[in-house]
Amino acid sequence: MQGLPFASLKLRPETERQNILKDFLLYPITYIRLVGLLCSIIVFGCVADQGTVVLSSTVSLCFYNYNNNCCNFAIAIGVLAFLLCLVFLMKDVLYNVLDFSDNITMKKLLLVIDIAVNGLWSFMWFVTFIYTADQWRKTNSYGFSTSNTNCANSGVAFSFFSILLWIAIVVVNAILLIRVIRSPGHPGKSGYSSFPEPPGTASSPAQPVGSSDQPYSPPEY
C-alpha cells in the first residue's frame, strides 16, 4: 500500500470536520454543479415527458423532426450528466473530509479526472445541442401542442446552458490544479536550498582573506 496514491490519506482533525457543510457551501464549484444538475434534469425530463408526438393510434415519434434517435440521445446524455453531477458532488464532500496535505499526488489525480470527465461531457452537451437544434430547425411543428413546443425549446436551450456550465467546471478545476502544482509541498517544487553546491564549495560562509580563528602571532626570526 505504500506506493499507492491513496495510501497516506487520512481524515481531517475533528475541529476542521465540524465545518464540512460550511466549507462545502463556500466551494464555488458546488453551485456550478448544482445548476448543471438542474439543467440535466430539465433536458431529460422535458424530452422524456413531452418528447413524443402522437401521429396516430399506433404511431408516436420524437418531436425533433420525428427522429427517435435524437430524443433517446438527449435523454441518455441528460441522465448520465445527472449521475455524474451526483458523483462529483460526493467527491467535493470528500475534499472537505480527507486531509490531502501529505498526499498531493492523490489530490492532483482527482483534479485531473475531474477535468477530463467534465471536459468530455461539455463536448457531449455541445453535440446534444447541435443535434437537437438542427433537428428542431427542420421540424414542421404545425399541430404540436404548446407543451410539446415549450419542451422542445427547453431541451435545446438548456443543452446550450449545460455547455457553459461544464466548461466553467473545467476552468475552475484547472485553476485549482495549477495552484496544487505550484504549491511548495508539490513533489519537484523545492526551494533554492535544495540545489547542489558546486564542487569544492564549502558549506560554511566564506571568510576574508588572511582571517583565521587563531590569534595573530608575529613570526620568529
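Which residues in H3 are buried? To follow this tour, note that the model is predicted: local features need pLDDT of at least 70, side-chain atom pairs count only at pLDDT 80 or more, and totals for chains, interfaces and linings use all residues. Residues are numbered from 1 along each chain as its sequence is written, and side-chain values use heavy atoms, with hydrogens and water left out.

**Helix H3**

Select residues 28–50, which form helix H3; helices here are DSSP runs of H or I with at least four residues, numbered from the N terminus. The end C-alpha atoms of H3 lie 34 Å apart, in agreement with the 33 Å that its 23 residues should span at 1.5 Å a residue; the expected span is 1.5 Å times one less than the number of residues. Now colour Ile29, Thr30, Ile32, Arg33, Gly36, Leu37, Cys39, Ser40, Val43, Cys46 and Val47: these are the buried residues of H3. Buried means under 20% relative accessible area, exposed over 50%, and partly exposed in between (1.4 Å probe, protein chains only).

**H3 against H6**

The crossing of H3 past H6 is left-handed, that is, the near helix is turned anticlockwise from the far one by less than a right angle. The residues of this contact comprise 14 nonpolar, nine polar and one charged; Ala, Val, Leu, Ile, Met, Phe, Trp, Tyr, Cys and Pro count as nonpolar, Asp, Glu, Lys and Arg as charged, and the others, Gly among them, as polar.

**The cysteines**

Next, display Cys62 and Cys71, which a disulfide joins with an S to S distance of 1.8 Å; a disulfide is a pair of cysteine sulfur atoms within 2.5 Å. The count by this rule is one disulfide. The link of Cys62 and Cys71 is right-handed, with 70° about the S-S bond. Cys62 is buried at 1% relative accessible area, and Cys71 is buried at 6%.

Move to Cys70, buried at 0%. The closest cysteine sulfur to that of Cys70 is in Cys62, 5.4 Å away and too far for a bond. Cys85 is buried at 3%, and its sulfur is 9.1 Å from the closest cysteine sulfur, in Cys39, also too far for a bond.

**Gly119**

Finally, select Gly119 in helix H5, residues 104–137. Gly119 is partly exposed, at 27% relative accessibility. Its C-alpha atom is separated by 6.2 Å from that of Val170, 51 residues apart along the chain.

Conventions: Helix = DSSP H or I, 4+ residues; strand = E, 2+ residues; numbered from the N terminus.
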